[in-house]
Protein chains: 2
Amino acid sequence: MGRAASGSKPVGIEDVARAAGVSITTVSHAMNGRGHVSVKTRERVREVAASLGYAPNRIASALRSQRSHIIGFVSDSIATTPYAGRVVFGAQDAAAARGQLLVVVNSNSDSAIETAQISALMAQQVDAVIYARMFHRDSDTPAQLRSVPTVLIDTVDTAGVIPSVVPDEQQIARLATQTLLDAGHTRIAHLTVATPGPAVDGRIEGYIATMTDAGLEPVVVAPPGIGNATAGREAFAQLAASGGETPTAVFCFNDPMAMGVYQAAIRAGIGIPDDLSVIGVDDFLPVAAELLPGLTTIALPHYEMGVWAIDTALAMLDGARAADAHVESRIAGRLVERGSVAPLA
Amino acid sequence: MGRAASGSKPVGIEDVARAAGVSITTVSHAMNGRGHVSVKTRERVREVAASLGYAPNRIASALRSQRSHIIGFVSDSIATTPYAGRVVFGAQDAAAARGQLLVVVNSNSDSAIETAQISALMAQQVDAVIYARMFHRDSDTPAQLRSVPTVLIDTVDTAGVIPSVVPDEQQIARLATQTLLDAGHTRIAHLTVATPGPAVDGRIEGYIATMTDAGLEPVVVAPPGIGNATAGREAFAQLAASGGETPTAVFCFNDPMAMGVYQAAIRAGIGIPDDLSVIGVDDFLPVAAELLPGLTTIALPHYEMGVWAIDTALAMLDGARAADAHVESRIAGRLVERGSVAPLA
DNA sequence: TTGAAAGCGCTAACAT
DNA sequence: ATGTTAGCGCTTTCAA
């Protein structure tokens, strides 16, 4: 059963040593580039190893060296939000590039499950843990994680000691607003939601600052609820009902809200982008790309946050103290131009 | 560095043995429920272990028992398709319920990367591998996987020996078509794409069979390309241009195509669902739920396929031969009713 | 530059 | 029912 079932037993370090006519110690050194092995010996050992198809048993190596080469990734929402996938993908790529494997574990926001999952990770002797909380913002980092290097994604450490990475919300809002400004718009509204939080608050600030710097009057519309298409339609309705001069461009909190604006605009006979320019945030592909016209939006740095987290965790493992990394790192968003922003006629 | 950095060393089996006044063998037996340990002793050992916060070192246990309690999940597209996340989530849940961890590895359709990633999994002594190919359909299963129980998702083994699970495309098409039939429609078209494949072909077959059984004339429109909003708009245009009686309901290959139909219909002044009923396939949430009206669709059994794959792999590990499982298992889709299907007036 | 020997923390065989 | 002993396959002293 198991590995041996289908035939020959796997080749081990001893097989390589015998075939190369050296000790297993030398094989170990040659393979890992440690100790002092002559170049010639190292080459030969590696050739023999390759020809035999030898791959060191990571379990045995982990037991001895106390390095599992596994990083745990704890998420509260891999299934619930499509964004989580991009973070995992970035982490995955970075981990693979550094010879680490990623164990992804999901609590679906249930703290009992989360505790159990983290315990399983610790029992597996993971080298580090990435803790991504897409929903609950100000996180008390679980005590279980104190014995292992930990990095936070999309949330910050209340105690201010664990390194964390979040999108640069202000920069995102400034970039979005500036894009509209650059197209010649001056009556630009920000459609957001009334539920406070780092993303909502940061984007409002960035928007207001940019408008003010340009000598323009900011207009923020914030219906209750979460940022979905319904909120987008509602915000649009509030804007139309407000009586004043209607804006020629809107900066939406996220792509689903922008989708709601599309729906409301089409009903009101307002053309995008001819009568109204729209910009979103997320670059949530199946939505942003499939809208008609395609939605111009600010891509959130999900992939990049995943990479940053792995790199930082590995640096901590290699002896860098947490303090050496920025404790609260921010990553910029990137403009993705499609067809929903047009110059003012 | 490492686990010990932040203070006391982790508690091991020996600490428990000492505290409970028994041998480490007895602790091992008590914890794993093996061997012959008196109930009383077992209870006491477990209490002591819990009070000390003991968790067996999985690495050491894996080395000795040849069971890593890790399952590898190889995907070609975790980032590229949002669906992949739901499969991983199902696999994750099932794995956690059975005390296994899931290592997710992604090739992004690059076969060199895939080979390297699978090697890393094998070196990590994974107990089994789930191999999910969302893009390439008829897969030659990598030779590296021959020494480990393997289960396929969304693809079938050309050699017909490795267990696999795919959505039941025919059932999905029948359910979609029947839903429209039940609402009183008789002129029902199927909007799909001209690119053949198991999903496209199976759904066409299921649609035609259902229509024929009902004594109705099937109408299939298949523009070139992949199933996205553009294809949906194009299919809708072909339908309108075809001259005959226009259908009162359309069954779309997937949700993005249905989104395209929404876009085309609104431009043509056709109301959904009053003038036209629409049904999709995927239940791709941010799209299906946010459309106006919400899209009635057939949810693909992604989560369920993930669960099935883990359960089957674990059964194989426990000695069941591959032949004991269905070699080609099909899982049904589920109707999700929203607002895009209405009874014929 | 190379190798012998001692474990890493557990579980499996084999006593008792 | 419990304990003793021998490894799992590597990496790491430490000695040659």
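This is a predicted model: local features need pLDDT of at least 70, side-chain atom pairs count only at pLDDT 80 or more; totals for chains, interfaces and linings use all residues.
**Stop 1: DNA strand D**

Select DNA strand D and the 25 residues around it. The nearest of these are I13(A), S28(A) and A60(A) from chain A, with H36(B) and R64(B) from chain B. Colouring the surface near DNA strand D by residue class shows 14 polar residues, eight nonpolar and three charged.

**Stop 2: the contact of chain A with chain B**

Now display the two protein chains together. Their contact takes 51 residues from chain A and 51 residues from chain B. To see the side of chain A that touches chain B, select α4, α5 (83–97), β2 (101–106), α6 (111–123), α10 (255–268) and α11 (285–288) of chain A, each of which supplies at least two residues. Of these, α5(A) provides the largest share, seven residues. The classes on this side of chain A are 30 nonpolar, 16 polar and five charged residues.

**Stop 3: helices α1 and α3 of chain A**

Select residues 13–20 of chain A, which form helix α1, and residues 39–52 of chain A, which form helix α3. The axes of the two helices are 9 Å apart, and the packing angle is about 125°. This angle lies between 115 and 145 degrees, and α1(A) and α3(A) are therefore oblique to each other. The crossing of α1(A) over α3(A) is right-handed. To view the contact itself, show the side chains of D15(A), V16(A), A19(A) and A20(A) on α1(A), then those of R44(A), V45(A), V48(A), A49(A) and L52(A) on α3(A). By class, this contact of α1(A) with α3(A) has seven nonpolar and two charged residues, and no polar ones.

**Stop 4: P198(A)**

Finally, centre the view on P198(A), which lies in helix α8 (residues 198–213) of chain A. Is P198(A) buried, exposed or partly exposed? Within 10 Å there are 15 other C-beta atoms. A buried residue would have 20 or more and an exposed one 12 or fewer, so P198(A) is partly exposed.

Notes:
Residues are numbered from 1 along each chain as its sequence is written. Chains are lettered from A and ligands numbered from 1 in the order in which they are written. A residue is near a molecule or strand if its C-beta atom, placed from the backbone, lies within 6 Å of it. Ala, Val, Leu, Ile, Met, Phe, Trp, Tyr, Cys and Pro count as nonpolar, Asp, Glu, Lys and Arg as charged, and the others, Gly among them, as polar. Two residues are in contact if their C-beta atoms, placed from the backbone, lie within 7 Å. Helices (H or I, at least four residues) and strands (E, at least two) are DSSP runs, numbered from the N terminus. Axes are lines fitted to C-alpha atoms, for helices over the stretch in contact, and angles run from 0 to 180 degrees between N-to-C directions. Angles under 35 degrees count as roughly parallel, over 145 as roughly antiparallel, 65 to 115 as roughly perpendicular and the rest as oblique. A crossing is left-handed if the near helix is turned anticlockwise from the far one by less than a right angle, and right-handed if clockwise.
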